[in-house]
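Please read it beside the sequence and the structure.

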Amino acid sequence: MRLALGIGRRLAATAALLLALSFLVFSLLYVAPGDVARNLLGTRPVSDESLAAVREKFGLDQPFLVQYWHWLSGALTGDLGDSVRSGSAVSAVLGQRVGLTLQLTVLAFVIALAVGIPAGVRAARRHGSAQDRTIVGLAVVGVAAPGFAVGLLLLYVFAVMLGWFPVYGTGESPLDRLWHLALPAVALAAGLAALVVKVTRTAVLRELESDYVTFARARGLRPRAVARLYLTNAAIPVLTSAGLLLAFLFGGTILVETTFSLPGLGSLLAESITFKDIPVVQAVTLVVAVAISLAGLVVDLLTLAVDPRVRRAGLT
Amino acid sequence: MSTVLSARDLQVRSAAGPIVTGVDLDLHVGTTLAVVGESGSGKSMVAKALSGLLPRGVHADGQVELAGNPLDLAGGERVWAPVRGRQVALLLQDPFTSLSPVHRCGPQVAAALPDGLSRTERHDRVAAGLAEVGLDPQVARRYPFELSGGMRQRVAIAAALAADPQVLLADEPTTALDVTTQRAILDLIGELRTSRGMAVVLITHDLELARERADHLVVLYAGRVLETGPTRDVMSRPAHPYTRALHEANPPLEHRVARLAVIEGNVPRPAQVAGRCVFADRCPKAQEVCRQGEPALVEVGARRRSACLFAAEELAGSPVPPTLAPPALGTDRAAAVVRITGLTKTFPGAAVPALDDVDVLVGAGECVGVVGESGSGKTTLARCLVGLEQADGGQIRFLGPLAPTGDPAGRPAHKLVQIVFQDPYSALDPALTVGATLAEALWVGGRPRSDVPALLDLVGLPASYATRRPHALSGGERQRVAIARALAPGPSLLVCDESVSALDVSVQAQVLNLLHELRGRLGLSLVFISHDMAVVRQMADHVYVMLRGRVVEDGPTDQVLSRPGHDYTRALMASVPGRALEENA
Amino acid sequence: MSAVAVPLTRPRAAVRRLRALPGAVQGAWVVIGLLGVLVVAGPWIAPHALAQDVLLGVAPAGSPGHLLGTDALGRDVLALTVAGTRSALIGPLVIALGSMGLGLLLGAPAGYRGGLLDSLVGRWCDLVLALPPILLAIVVAGVIGGGYWVSVAVLMVLFSPSDTRMIRAAVLATRHRPYLEATRVLGLSGPRVLVRHVLPNIAPIALTNVFLDVAFALVAMSSLSYLGVGVAPGSADWGRQLSDGRDLLFTNPAASIVPGVMIIVAAVAANVIGDWLADRFGVGDEVRA
């Protein structure tokens, strides 16, 4: 009962947050300098008729909230307006780009977890050793280095100097695609893996210092059994940081896609900003917001499965 | 009697210096040996050294034999892995943290079982283990956070004993528990010792508890053994002034003394007292020779040893009976300073009220004791009294010499009532000097900063302490500063919320004497909140016993403590360590 | 705290203190010091950094007169990198200090007083933190129309929620310490307690996070200029250099590699010092994006 109530409250909070975000995203249209109708016309010839047509189409004469309502109900049914730059439907533009970004981010996420979690656990277990210091050192560099700088270095070393990987392009066959996405994914994963290392190491260290680990050792549990205890406990803070990781991933993909000239959502956003293609900017921002909020929701539900205390207290 | 564990010249060191030096132990099957010491004595390090669980950077040295086989203390996991659990198990102090919070109790108990058991065998072994510690087998399916502290410690004991160790090291196993639960857990450990033919090493700060539970005592101070011997002999005729002083500093439960015996000064760190008798600085009988070298631990009787140069005189001396104070049979409660009527408080989300229709009256110049265990509401009462918490209903009315301030909510003004909290380590702002903290409190009372030295003097601290920061002070000194801060605005009523319970026994007596003295000198009224019946006996004129938010009994202290009217009061009295022995003596 | 103030005041003591530090921290302080010199003396060291030489075009590294070569406009990469230190560091410093200021202003009262103020502040933080700060900064600064100080202001606002949360949590953790409750029993006013008792005890956390914020702001600002949002075309800026130099990877890789390495080195140095302070003050090592 309490649990159902907690989940219900959590769902409502997510919905409220998305509503507030959508409102902010919509108001971007009015934040941009210049006349809204003109901005929406973009490079098309500006005449009184065309301006009037745009005003009519977008209902720009109506009150702000009414416009917002129109935009929101459109967005909910998948109608995100037309791109100023190309004139085609925003949803169609997104559709072309979203696949690549998904592939890139999933690949980077997998690499980051596969590298970051074992490295973080190892650093914590060998706390203070040379291995720990090396891993922490690399993590500090990884967290601090922006994805585009890492990307450029990788591009120079592995594509230009060594010629092992392509400089641009997305590849045709799935295997070719993987080959093309390898460098960008690594550039994106570098910072992410560093974050994973930090989160994991901090979490495992905290658990290793706790009484129950001492007590488990004191009653003769095998190292493997002790590890099972503290790794389960350490999984909770690692899991709850997933939202943070995802935010990092979506922020980084804009820069990495631009660096490697990949036609994904990130480079779409960057181009659209340059061309003041505000409907597309709004749509990409909204999509990212929805993705991150839903991921946060999933993470919270997963903590329920791992942590009996949260299950008992209900979600907060 | 066969020896299961023996240690010769056990040493524990870190890079910063020695922590424990020259400990000898002989542990016999079916007996309990108590290692008694105050904070900084190194008693926990002895337990950790004997289970191979010393923290990183701390090393142990010495000859240890376990069940007849020599044990290499520095041997690392290779040596310790087969020993821990099967031969030696360590039970920790805090049952709230010693079990993994996200695993059920059953698997945690089962984890130490030997391999190769079938699922049903493991299940049965867990059920049997839980039954052995007096728990229902259903507890196996519960999470630790669903259990009370006492139940958790029982689960921990079952887990510690799952691999059938011969030696149980119990490090302050009941310190984190309520007094009535403490006795049950200690009884259980005693029963298991007998039924399993185990040997127990009991690490404790409480000499009276050791006296009640142990066959043999090792008294540790600043990393040194000062005295060892059979409990009965040591307690009846101590061979070291420290043992005697520690015993005398314990407030007696049965009668009220005019003045508590104290050990002057603070508990030192081992490095501060190296190369001489470690107790010399605080010993009333110390001679010049005590400071010239470290006295050896020498044989002073049958299985008895003492590290005092004057052990023979000490043994010959007879205990000086304390001067008794007239029993507290009640004070004049007609002139009340505060009258609390029908106070109720329920915290949001709590199932039971923290305060349920509580009536309390404090007479002018009176010390009112409030006793109870955790969850009794005694701390909530204190917080309502000083305005840190708002009651849901009822009245707190300040009367008589504490002229009412006209606050309709009945909230006390800070000049009327002040409070001293429990934990000395967070009592003072770490960013401010003692002088700045006190000056601010004086400013509240409209007094100048120049009163700081006088205020420090009032609580027995030198004026030079004004420039110190809290981290440079001992626990007792911090608590004195906290008292000075509370007195600065000139309150008429001082609330002491467990104000001495975090202090070492030798220091606790000093602070209790100080409070008693200040009460007489300043005409203060006190509300003294404590879980410790013996302390309340010494301090309070009138006592209120609280249970689950209600006052179940109240009356003049001597009447309530000597002839309790309520079952709960009787249970509290029966739980005080050493009481049974005291009656027989 | 003293170790931070001392290097600026007493050079000899500073050197002694520096030698006692771990190697990485030593290096980080040296890097910060050198960058500080470049910020102050940049215009004297490289007065003609923006001078174009269209005839020369792209010269590879090691060309006569151009140690690191030139970019597409014939500008000397070394001089340009030196001149870019200012825009690379001043903005992030302002962002870090400003966002911590906002964090203290919102987080401390929210944590201390709780109630409506706290939930309002909490909702505001949730809202801003629901999106990656870099993405939001690119979108908001890009749509508004960019410009260096616009970007600085936007990032300052976007960074402040994580500082606010951190300060709020720190204040909340101290709120029920007996020494603070004692001030309430003494009847001291809320603002007085905040300023005199709460803030000094959370100062280490604030200082630590200023350094970590500098590192993140540096990355964020250069990301913006890399995408062409942060700075005007043609000005000296590392992020700008990087995006301009991207097309020159085959002709003069130094044009993009050198500013890229500078960004990494500066951000790592600020991070190392932040982590070291966290360690020193025993501040929880909060991980953030």
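## Basis of the description

Two parts are said to be in contact where heavy atoms lie within 4.5 Å. The model is a predicted one, so that local features are given only at pLDDT of at least 70 and side-chain atom pairs only at pLDDT 80 or more, while totals for chains, interfaces and linings use all residues. Residues are numbered from 1 along each chain as its sequence is written, chains are lettered from A and ligands numbered from 1 in the order in which they are written, and side-chain values use heavy atoms, with hydrogens and water left out.

## Chain A against chain C

The contact between these chains joins 47 residues of chain A to 40 residues of chain C. Together they bury about 3800 Å², 82% of it on carbon and sulfur atoms, where buried area is the accessible area (1.4 Å probe) that two parts lose on being put together, summed over both. One salt bridge is counted between chain A and chain C, the term standing for a side-chain nitrogen of Lys or Arg within 4 Å of a carboxyl oxygen of Asp or Glu. Lys198(A) and Asp275(C) form a salt bridge in which the closest N and O atoms are 3.5 Å apart.

Two residue pairs, both residues at pLDDT 80 or more, are in polar contact between chain A and chain C; a polar contact is a pair of N or O atoms within 3.5 Å, of which, within protein, one must be able to donate a hydrogen and the other to accept it, and residues adjacent in sequence count only if both atoms are side-chain atoms. The elements giving two or more residues to the side of chain A that touches chain C include α1 (2-31), α8 (174-208) and α13 (278-306) of chain A, and the largest share, nine residues, comes from α11(A). Helices (H or I, at least four residues) and strands (E, at least two) are DSSP runs, numbered from the N terminus. By class, this side of chain A has 39 nonpolar, six polar and two charged residues, with Ala, Val, Leu, Ile, Met, Phe, Trp, Tyr, Cys and Pro taken as nonpolar, Asp, Glu, Lys and Arg as charged, and the others, Gly among them, as polar.

## Chain B against chain A

Here 31 residues of chain B meet 22 residues of chain A, and the two chains bury about 2200 Å², 59% of it on carbon and sulfur atoms. Leu53(B), Val102(B) and Phe145(B) supply 22% of the area that chain B buries against chain A, more than any other three residues.

Two salt bridges are found across the interface of chain B and chain A, and Arg222(A) forms a salt bridge with Asp115(B) in which the closest N and O atoms are 2.6 Å apart. The count of residue pairs in polar contact between chain B and chain A, both residues at pLDDT 80 or more, is nine. β6 (88-91) and α5 (149-160) of chain B are the elements that give two or more residues to the side that touches chain A, and β6(B) gives the most, with four residues. By class, this side of chain B has 16 nonpolar, seven polar and eight charged residues.

## Domains of chain B

The domain assignment, automatic or from a database, gives chain B domain 1 (3-101 + 162-214), domain 2 (242-316) and domain 3 (327-405 + 527-585). Between domain 1 and domain 3 of chain B, the contact takes 10 residues from domain 1 and 13 residues from domain 3. These two domains bury about 1000 Å² between them, 53% of it on carbon and sulfur atoms, and Val179(B), Thr180(B) and Arg183(B) supply 47% of the area that domain 1 buries against domain 3, more than any other three residues.

## Chain C and its helix α10

Chain C has 11 helices and zero strands, and buried residues (under 20% relative accessible area, with exposed over 50% and partly exposed in between, 1.4 Å probe, protein chains only) make up 57% of its 289 residues. Helix α10 (residues 238-245) of chain C is mostly covered, with seven of its eight residues buried, among them Trp238(C), Arg240(C) and Leu242(C). The cover over the buried residues of α10(C) includes α7 of chain A together with α3 (23-45), α4 (77-113), α9 (190-226) and α11 (254-281) of chain C. At the start of α10(C), a side-chain oxygen of Asp237(C) reaches to within 2.9 Å of the backbone nitrogen of Gly239(C).
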